[in-house]
Amino acid sequence: MNKLQAIFFILLIGFVSTIDLHAQSSKKIQIIYAGKLTIDEENYPGAKILTRDDAEQVHIEHSGTNLWCDKAIHYSKENFIEAYGNVILKQGDTINMTSKYIEYSGITEFAFASGDVVMKDPNSTISSDTLYFDRAKEQAFYKSGGTVVKDSSGTITSKIGRYYMDQKKYQFVEYVVLVNDSTTINSDYFDFYSDTGYAYLFGPSTITTPTSKTYCEKGFYDTENKVGYALKKARIDYDNRIIEGDSLYFDNNRSFASATNNITVTDTINKSIVKGHYAEVFKEKDSLFITKHALAITVQEQDSVYIHADKIMVTGKPDNRIIRAFYNAKIFKTDLSGKSDSIHSDQKTGITKLLNIPTLSSGDKFSVKRKPILWNLENQMTGDTIHLLSNKETEKIDSLLVFENAFIISKDTISKNGYNQISGKRLVGLFDEENRLKQVDVTKNAQSIFYARNDKQELIGIDKSKSGSITILFADGDIDEYTRYNQIDGNLYPESKFPEKERILKGFDWREEERPRCVEDLFKDDPPLELPIIKGLDDYIPQEDFVDETLIKRIKKAEEKEETNKDTISKASRNIPKSTYKAKGVSKNKTLIKKVPTKFTQKKPVSKE
């Protein structure tokens, strides 16, 4: 082409809106507009250099995708374009990408962009220094760090990212961080759906809000509605509470969490632990409800206290926390245990109440009245209501109160069927430093039966009497001495002359077989526990190589159009992400990225709509 012909051609394309330079088919890259065309065979052999003018940028089109730039180098034989300066690529009304540089093959339909790359679609925006865009697969990929912004969900950064446009799905790998106005998520493997705001977390992951921190190694989070669930080593930290379980659901709008199977809730301030297999926690209300083998543990240096019931509620601020245990409630520590319909323990006052629940109906499962009961060493105490008073400083029981129908029984250590018994309206007991009863005062209508023995433990007789009140002193758990006040009647009978029917007082109920002697005994009356199977989330599907077999075939097809030698990398493959593909003119194979070392699989969720 001589100089005159080149000038004529430049003028021609400057005034024509659409020209097909080589009568190409629809698969060929089309030059829609250029302000200037030059040829530089020395530096760009076989290429045409297109430059913008003052009015418009260079405009290029291929199969529905339009590209604008300040300068383009067009290799028509290879169907390849290099675009420089203020580059804009648009695909329909869905994809809008800007950058400093783009190269694109009309054969492979693969674009490589670099320099302040920004790709937008209706749901999100990707920013990176370099971005790979496979139009045929409708996928974009970065491997050296990138950012994705979705207005309602926040900003996501990661080292590696891949966007599946047909699914509106992102897969992020390594150093993944999502940040929005109230939440920060950190994860290693993170799937995100831009149309719904659903996020799936795999590997060690945390979700941090101003009021909580959730950890899991498999989880889901709805970034728009701020709800989710955590599986596999799941844990939620709420200020002074730590919640752990097989499956945790959480609603960060309400500071609410529920847990299923193998649950442990730890109160870090009050040194208490609650266990069970279903729980609900309202942080703002300082409320915890737990059931299914529910167990509350107050951890003490000397001797922890265990409370078990069908249902347990823990309410109140840390300095005013109350434990309520309902239905078949039991309490245990090494030197004391008890049972009642319900237990109410106030950690501020140190008062623990063993209560009867009023009968609802004759057919109610709890309608059979069994009085609250306590065991201390060899002594059994019952009454309509029992209060235990503890010293918070020493973590020891100071005293106990039994209201209405107080009854204390201890089996005589020698006789086969002999029982020491005291009954009255009210009982007050005091404990020594070893949490053993040292004194008991029974008041109003006191009655007693004692097996009196001498120093050699020989039976002197059976003492039965009535009085206004009785004081009993204990030594090592056994009755040492007793004093009656305002005695009405009484007598000491030889054992042989004491009638069998007179040997028990009214209301006598020896319940030794019910006594818990270890923590495990607290559960012996419970029905068999069947835990629900947690279906949870599908497993993670690791990214396949971005450069797959279909792309490799397209690259090979493009390389057939090029004239390269063994030291030259083909245009179609020179900026392909390094993979196991051996490009034409390249002597070594390289790996794209290390595959995710998991066995997870996971599918797109059902739309919220």
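**Entry 1. Salt-bridge network**

I count as a salt bridge a side-chain nitrogen of Lys or Arg within 4 Å of a carboxyl oxygen of Asp or Glu. With that criterion I looked up the network that links Asp134, Lys137, Asp548 and Arg554 by salt bridges. I recorded 33 salt bridges in the structure. Side chains of opposite charge can pair when their charged atoms come close.

**Entry 2. Basis of the values**

I note that the model is predicted, that local features need pLDDT of at least 70 and side-chain atom pairs pLDDT 80 or more, and that totals for chains, interfaces and linings use all residues. Residues are numbered from 1 along each chain as its sequence is written, and side-chain values use heavy atoms, with hydrogens and water left out.

**Entry 3. The chain overall**

I looked up the secondary structure and found two helices and 35 strands in the protein chain. Helices (H or I, at least four residues) and strands (E, at least two) are DSSP runs, numbered from the N terminus. I then turned to burial: of the 609 residues in the protein chain, 50% are buried. Buried means under 20% relative accessible area, exposed over 50%, and partly exposed in between, with a 1.4 Å probe and protein chains only.

The accessible surface of the protein chain is about 29,600 Å², and carbon and sulfur atoms hold 50% of that surface. These areas come from the Shrake-Rupley method with a 1.4 Å probe; for residues, only the protein chains shown count as cover. I also looked up contacts (heavy atoms within 4.5 Å). Among contacts in the protein chain with a separation of 6 or more, 46% are between residues 24 or more positions apart.

I found Asp286 in the loop between strand S22 (272-282) and strand S23 (287-298). Asp286 is not a glycine, yet its phi is positive, at about 50°.

Asp286 forms a salt bridge with Arg321, and the closest N and O atoms are 3.4 Å apart. Arg321 lies in the loop between strand S24 (305-315) and strand S25 (322-333), and Asp286 in the loop between S22 and S23, so the pair ties together parts that are 35 residues apart in sequence. I noted both Arg321 and Asp286 as buried.

**Entry 4. Two further pairs**

I looked up the salt bridge between Asp335 and Lys333, whose closest N and O atoms are 3.1 Å apart. Asp335 is buried at a relative accessible area of 15%, and Lys333 is buried at 5% relative accessibility.

In the salt bridge between Glu500 and Arg503, the closest N and O atoms are 3.6 Å apart. I recorded Glu500 as exposed, with a relative accessible area of 62%, whereas Arg503 is buried, with 13%.

**Entry 5. Lys168**

I located Lys168 in the loop between strand S14 (160-164) and strand S15 (169-179). Phi of Lys168 is near 55°, a positive value in a residue other than glycine.

**Entry 6. Thr223**

I found Thr223 in the loop between strand S18 (213-222) and strand S19 (227-238). Thr223 is buried, and its relative accessible area is 1%. A polar atom of the Thr223 side chain lies 2.6 Å from the backbone oxygen of Gly197. Leaving out residues up to four places away in sequence, I listed what Thr223 touches: Ser152, Ser153, Leu178, Asn180, Phe192, Gly197 and Ala199.

Notes: Polar contact = N/O pair within 3.5 Å; in protein donor to acceptor, adjacent residues only side chain to side chain.
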